[in-house]
Amino acid sequence: MGAKIKKDDLVQVISGKDKGKTGKVLQVLPEAQRVLVEGVNRVTKHVRAGQNESGAVTGGLTVVEAPVHISNVMVVDPETKKPTRVGFREEEVEKNGVKKTVRVRFAKASGKAL
């Protein structure tokens, strides 16, 4: 079965401290059932001072995105701009004279392919 949420999808957080925020999916962690969303669930991380390639000493506090559980986000419908459920349908595609059946993700609210 295909993934309902993929990298570069526009998603909206539907529960938790960042409820209502939208962002692009940066990474999907399927084994942990989590996604990394741009600008969502930002946490402060302490970084030990050390030298990088250019010789500059880096360290201190940095703000990074932490993963969010996949059940707490919904894909934003490209037509209505609202969060929607994702479904799959099979479509016939012809390429180089060969017909092929392909599974396509679509937004259930508008029926538009994602």
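Which residues does the UniProt annotation "domain: KOW" cover?

## The annotated span

The record, an unreviewed entry, places this domain at residues 4-31; such annotations may be inferred rather than shown by experiment. In this predicted model, local features need pLDDT of at least 70, side-chain atom pairs count only at pLDDT 80 or more, and totals for chains, interfaces and linings use all residues. Residues are numbered from 1 along each chain as its sequence is written, and side-chain values use heavy atoms, without hydrogens and water.

Residues 4-31 are 0% helix and 43% strand, with end C-alpha atoms 14 Å apart. Here helices (H or I, at least four residues) and strands (E, at least two) are DSSP runs, numbered from the N terminus.

## Strand β7 and its partners

Let's follow β7, residues 73-76. It runs antiparallel to β1 (residues 10-13), joined by 3 bridges; pairing requires at least two bridges found by DSSP. Val11 has Val75 as its bridge partner in β7.

β7 also pairs with β8 (residues 83-84), antiparallel over 2 bridges, and Val76 stands opposite Pro83. Their hairpin has 6 residues between the strands, where Lys81 takes a positive phi near 60 degrees.

## The largest pocket

A pocket is an open set of points on a 1 Å grid over the protein atoms alone, where a 1.4 Å probe fits, with protein on both sides within 12 Å along at least five of seven lines. The largest holds about 280 Å³ of space. Of its 14 lining residues, the closest to the centre are Lys4, Ile5, Ile70, Ser71 and Val73; lining means having an atom within 4 Å of a point.

Strand β7 gives the most to this lining, with 3 residues. The lining comprises 9 nonpolar, 3 polar and 2 charged residues, with Gly counted as polar.

Key
Points joined across faces, edges and corners; volume = space filled by probe spheres on them.
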